[in-house]
Amino acid sequence: MFDRLNFAYRNSLLANVPSQLGLPMVSTEAVLNEVEFSPKVIIDQSDMYLNVLTVLADKMNTKDSTKSKKFVIWVQLEYIRSLIDHHIPIQHYLHELIINSLVLNKSYYQLHQLLQYYVVSDSKPLACLLLSLENLYPAAHQLAVDMLARLSDANEEITEVLLSKHQILPALRYNLNLGIKDQISERKFLEVANTTKDLRLIHSVTAFFENRTQNVNGSLM
């Protein structure tokens with residue numbers, strides 16, 4: 001059923017905005033020939049999300065049977081599979097929905113599979129969602145960090161995540177490996193170090209920034 005819906009949906013996108021599919025522009029005649037017999041009513045991702053998938057997800061509560069929960073997740077995954085097969089970019093809210101559903105159903109292996117094989121696209125919002133689910137699923141923290149690491153513009157977010165866990169030295173090493181030693185915020189790192197009450201750690205962080213200052217001053221002389 002989803003394949004038939006998404007076939008019409010894809011043809012509609014082809015007829016209106018070919019670039020949405022990441023496809024090369026084609027002639028108007030070729031597009032019209034392909035969509036000549038397309039249905040008048042098109043059910044897109046927002047329609048499915050609002051009227052079908054979220055309705056099913058709302059019913060997936062603790063009182064539902066395991067079989068019912070698995071069915072709801074299967075429907076979500078099957079719809080996403082169909083979108084992928086038809087080369088339709090998946091909207092972020094569908095990714096958020098399936099991640100929440102998998103965590104609530106404790107289907108952690110499936111969640112790992114989705115992330116490992118990039119069925120769910122990496123993004124900062126999804127990484128933040130994974131971080132918010134850490135209390136339900138502790139491994140979500142590392143999954144979020146791994147996702148941020150795969151992005152090219154998430155260096156600041158990774159640093160913040162590490163500092164939030166008081167992983168101060170790993171955060172320093174991460175920034176050093178990026179070659180941005182001079183951009184590391186001394187105030188931020190020292191504030192976090194002081195909250196740990198770990199004198200050895202505080203001394204190490206203080207010494208790092210004192211050494212950095214001396215090197216900078218020495219290079220100016």
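Tutor: Happy to! Let's start with the handedness: helix 7 passes helix 8 in a left-handed crossing. The residues that meet there are Lys 124, Leu 126, Ala 127, Leu 130 and Leu 131 from helix 7, and Ala 140, His 141, Leu 143, Ala 144, Met 147 and Leu 148 from helix 8. Sorted by class, this contact holds 9 nonpolar, 1 polar and 1 charged residues. Keep in mind that this is a predicted model.

Now the geometry of that pair. Helix 7 covers residues 124-132 and helix 8 covers residues 140-150; their axes lie 8 Å apart, and the packing angle is about 165°. Because angles over 145 degrees count as roughly antiparallel, helix 7 is roughly antiparallel to helix 8.

Stay with helix 8 for a moment and ask which of its residues are hidden. Ala 140, His 141, Leu 143, Ala 144, Val 145, Met 147 and Leu 148 are buried in helix 8.

Helix 6 (residues 108-116) packs with helix 5 at an angle of about 150°, and the two axes are 8 Å apart. Helix 5 and helix 6 are therefore roughly antiparallel to each other. On the helix 5 side, the contact is made by Ile 98, Ile 99, Leu 102 and Val 103, and on the helix 6 side by Tyr 108, Gln 110, Leu 111 and Leu 114. By class, the contact of helix 5 with helix 6 has 7 nonpolar residues, 1 polar residue and no charged ones.

While you are at helix 5, look at Ser 101, which is found in this helix (residues 92-104). Ser 101 counts as buried because its relative accessibility is 3%. Leaving aside neighbours within four places in sequence, Ser 101 is in contact with Ala 57, Met 60, Ile 73 and Gln 76.

For another kind of meeting, go to helix 1 (residues 2-16) and helix 4, whose axes come within 9 Å and cross at roughly 40°. That angle makes helix 1 oblique to helix 4. The crossing of these two helices, helix 1 and helix 4, is right-handed. Phe 2, Asp 3, Asn 6 and Tyr 9 of helix 1 make the contact with Val 75, Glu 78, Tyr 79, Arg 81, Ser 82 and Leu 83 of helix 4. In the contact of helix 1 with helix 4, the classes come to 5 nonpolar, 2 polar and 3 charged residues.

With a relative accessible area of 27%, Arg 81 is partly exposed. Arg 81 and Phe 2 are 79 residues apart along the chain, and their C-alpha atoms are separated by 9.1 Å.

Finally, zoom out to the whole chain. The protein chain has 12 helices and 0 strands. Of its 221 residues, 38% count as buried. Among contacts between residues at least 6 apart in sequence, 60% join residues at least 24 apart. The protein chain exposes about 13600 Å², and carbon and sulfur atoms supply 55% of that area.

Methods: Residues numbered from 1 in each chain as written. Predicted model: local features only at pLDDT ≥ 70, side-chain atom pairs only at ≥ 80, totals over all residues. Heavy atoms only, no water. Axes fitted to C-alpha atoms, helices over the stretch in contact; angles between N-to-C directions. Helix = DSSP H or I, 4+ residues; strand = E, 2+ residues; numbered from the N terminus. Parallel < 35°, antiparallel > 145°, perpendicular 65-115°, else oblique. Left-handed = near helix turned anticlockwise from the far one by under 90°. Contact = heavy atoms within 4.5 Å. Nonpolar A, V, L, I, M, F, W, Y, C, P; charged D, E, K, R; others polar. Buried < 20%, exposed > 50% of the residue type's maximum accessible area, 1.4 Å probe, protein only. Areas by Shrake-Rupley, 256 points an atom, 1.4 Å probe, with all protein chains shown as cover.
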